[in-house]
Amino acid sequence: MSTYPVHDLAESKLRILAVPAFNDNYIWLVTDGQRAVVVDPGSAEAAIAALKETRLKLEAILLTHHQADHIGGVPGLLDFANGQTANPVQVIGPDDARIPHITHRTHDGERFSLLDGQLQLSTLSVPGHTETHVAYLSDAVLFCGDTLFSAGC
């Protein structure tokens, strides 16, 4: 059983785990129980600890924008995943040259799926916090990075 807060996605077998990072951030893990998609891994250590504790295989990484508290853990996660699976981990993010390691640069309105089609997402361009910021929307959840703040940013 996970020690991380878990949220079930409506009408789906997918779950979202909230992994605390730094003093006031979260890294999100979307899982089908065997594989995980990690969203905005600012800390490799926190994400890897969660993957190990839950015994999940990393399938993909979603990035919303270029800031270190959202992408800083990508190299460490990719190194960790190389020892887990023969399949390359997808790294999906906005078209921004400041973000290394992206294997798929997504754009506004693009639709794609992960976890064998169980997680279907649309990319939304949401500039404001950063010029190239994107969010990912499914039927049940929005991964918005740093675009929604209480009382503004």
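Visitor: Where is the place of L124?

Guide: L124 sits in strand β9, residues 119–125. Keep in mind that this is a predicted model.

Visitor: Is L124 buried, exposed or partly exposed, and why?

Guide: L124 has 31% relative accessibility, so it counts as partly exposed. Together with L137 and L142, L124 makes a nonpolar surface patch of about 200 Å².

Visitor: Let's turn to β4. How do side chains point along a strand?

Guide: In a regular strand, side chains alternate between the two faces of the sheet. Now the case here. R35, V37 and V39 point one way from β4, and A36 and V38 point the other way.

Visitor: How many of the residues of strand β4 are buried?

Guide: Five of the five, so β4 (residues 35–39) is largely enclosed by the rest of the structure.

Visitor: Which strands do bridges join to β4?

Guide: Strand β3, residues 25–31, is joined to β4 by four bridges, and the two run antiparallel. One example is W28, whose bridge partner in β4 is V39. The hairpin of β3 and β4 has three residues between the strands, and there G33 takes a positive phi near 100°. Strand β5, residues 57–62, is joined to β4 by five bridges, and this pair runs parallel. Here V38 has I61 as its bridge partner in β5.

Visitor: How does the chain cross from β4 to β5?

Guide: The path goes through helix α1, residues 44–54, and this β-α-β crossover is right-handed.

Visitor: Which residues touch the most other members in the largest nonpolar core?

Guide: That core has 27 residues, and those with the most contacts to other members are I27, L29, L51, L58, I61, L63 and L77. Elements giving two or more residues include β3, β4 and β5. Helix α1 gives the largest share, six residues.

Visitor: What does D116 form with R35?

Guide: A salt bridge, again with the closest N and O atoms 3.0 Å apart. D116 lies in the loop between β8 and β9, 81 residues from R35. Salt bridges with shared partners join D32, R35, E59 and D116 into one network.

Visitor: Is D116 buried or exposed?

Guide: D116 is exposed, at 67% relative accessible area. R35 is buried, at 18%.

Note on methods
Residues are numbered from 1 along each chain as its sequence is written. This is a predicted model: local features need pLDDT of at least 70, side-chain atom pairs count only at pLDDT 80 or more; totals for chains, interfaces and linings use all residues. Side-chain values use heavy atoms; hydrogens and water are left out. Buried means under 20% relative accessible area, exposed over 50%, partly exposed in between (1.4 Å probe, protein chains only). Two strands pair if DSSP finds at least two bridges between them. A crossover is right-handed if, with the strands pointing away from the viewer, the path from the first strand over the helix to the second runs clockwise. Patches are made of residues with over 30% relative accessible area and no salt bridge: like charges are joined within 9 Å, nonpolar side chains (Val, Leu, Ile, Met, Phe, Trp, Tyr) within 5 Å. Accessible areas come from the Shrake-Rupley method with a 1.4 Å probe; for residues, only the protein chains shown count as cover. A salt bridge is a side-chain nitrogen of Lys or Arg within 4 Å of a carboxyl oxygen of Asp or Glu. A nonpolar core is a set of buried Ala, Val, Leu, Ile, Met, Phe, Trp, Tyr and Cys residues joined through side-chain atoms within 4.5 Å.
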